[in-house]
Number of protein chains: 2
Amino acid sequence: MALKYSRQREAIKEFLSTRKDHPTADMVYTQVRKEFPNISLGTVYRNLTLLAETGEISRINVGDGIDHFDPDTSEHYHFQCKKCGCVQDLKLEHTGKTNELAAMQFDGEIMGSVTYFYGLCGKCKEARNS
Amino acid sequence: MALKYSRQREAIKEFLSTRKDHPTADMVYTQVRKEFPNISLGTVYRNLTLLAETGEISRINVGDGIDHFDPDTSEHYHFQCKKCGCVQDLKLEHTGKTNELAAMQFDGEIMGSVTYFYGLCGKCKEARNS
DNA sequence: AATAAAAATAATAATCGTTTTTATTTTTAA
DNA sequence: TTAAAAATAAAAACGATTATTATTTTTATT
């Protein structure tokens with residue numbers, strides 16, 4: 001094993017485990033800096049990548065060009081609000097059948113797929129109708 | 001109408017219409033520059049955005065952090081090879097049912113969704129098995 | 001406990017895709 | 001033909017992320 005303990009990595013993982021809002025690297029940085037004022041943004045990025053590689057967290061893409069991170073590594077869908085940018089989990093069972101479907105008529109090898117949803121979150125929808 | 005004709009925009013659209021490989025802005029720039037040696041990268045970006053907004057082309061995200069562009073604006077799925085990065089169309093009918101499904105148990109408004117596939121393309125799969 | 005190699009860090013610069021700015025040139029309607 | 005509106009080229013700026021480097025931590029071994 002070539003992975004050594006680090007207080008910073010633990011703090012990052014600990015912070016993330018408390019969040020359901022799918023923070024970006026910068027949001028993690030801002031928060032963890034309260035406990036480690038000298039932590040570097042590079043350290044945050046490196047550890048988030050490390051944690052994602054070992055499968056302890058997952059990196060998610062919702063099409064805004066910024067990586068978000070999720071302590072819940074089970075397969076599930078995400079939604080991003082086009083107005084406020086918030087990212088939420090969707091209560092929709094992940095089918096997984098899509099991979100097999102796509103394998104038809106394809107000469108390569110499908111390893112996986114990504115699906116995300118977008119629209120207006122509850123709050124922004126409410127705000128618009130008032 | 002606030003959209004004026006431009007030779008550059010026509011050249012960009014014309015070039016894109018000949019391609020099935022989903023070029024990036026930079027690929028468009030490199031090619032169109034053969035006809036317009038002084039065209040600026042900013043002009044390419046602005047016109048691709050303009051064409052995507054008017055629905056003449058579509059902007060696609062395959063999770064590599066780079067926007068690709070497609071002259072085919074019909075809804076269909078894309079695949080990207082993790083090895084060589086090529087982007088291909090998938091012959092898989094777009095269901096569209098997913099939006100409705102997601103609307104269940106959600107207090108906001110789902111406007112749409114994006115799905116893309118990844119893995120090894122035919123060539124890279126072949127190369128690996130030899 | 002002392003040591004030394006391996007890994008992690010902070011600080012910073014660099015990179016990459018993309019957007020913005022600005023002064024100039026094209027387009028187009030009058 | 002003229003003048004306003006939009007488009008352009010060139011360049012700087014931007015934001016997210018990665019790479020570099022010298023220093024500090026961790027950890028296995030004396």
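Two strands are taken to pair if DSSP finds at least two bridges between them, and helices (H or I, at least four residues) and strands (E, at least two) are DSSP runs numbered from the N terminus. The structure is a predicted model, in which local features need pLDDT of at least 70 and side-chain atom pairs count only at pLDDT 80 or more, while totals for chains, interfaces and linings use all residues. Residues are numbered from 1 along each chain as its sequence is written, chains are lettered from A and ligands numbered from 1 in the order in which they are written, and side-chain values use heavy atoms, with hydrogens and water left out.

In chain A, strand β3 (residues 77-81) runs antiparallel to strand β4 (residues 87-90), and four bridges join them. Gln80(A) stands opposite Val87(A) of β4(A). The two strands form a hairpin with five residues between them, and Gly85(A) in the turn has a positive phi of about 80°.

Strand β3 of chain A also contains His78(A). This residue counts as buried because its relative accessibility is 8%, buried meaning under 20% relative accessible area (1.4 Å probe, protein chains only). The side chains of His78(A) and His76(A) are joined by a polar contact of 3.0 Å; within protein, such a contact is a pair of N or O atoms within 3.5 Å, of which one must be able to donate a hydrogen and the other to accept it, and residues adjacent in sequence count only if both atoms are side-chain atoms. Beyond its neighbours within four places in sequence, His78(A) is in contact with residues including Val87(A), Gln88(A), Asp89(A) and Leu90(A), contact meaning heavy atoms within 4.5 Å.

DNA strand D is surrounded by 20 residues, the closest being Tyr45(A), Lys4(B), Ser6(B), Thr43(B) and Arg46(B), where a residue is near if one of its heavy atoms lies within 4 Å. Sugar and phosphate account for 76% of the atoms of DNA strand D that come within 4 Å of the protein. Phosphate oxygens lie 2.5 Å from a side-chain N or O atom of Ser6(B) and 3.1 Å from one of Asn47(B).

Methods: Buried < 20%, exposed > 50% of the residue type's maximum accessible area, 1.4 Å probe, protein only.
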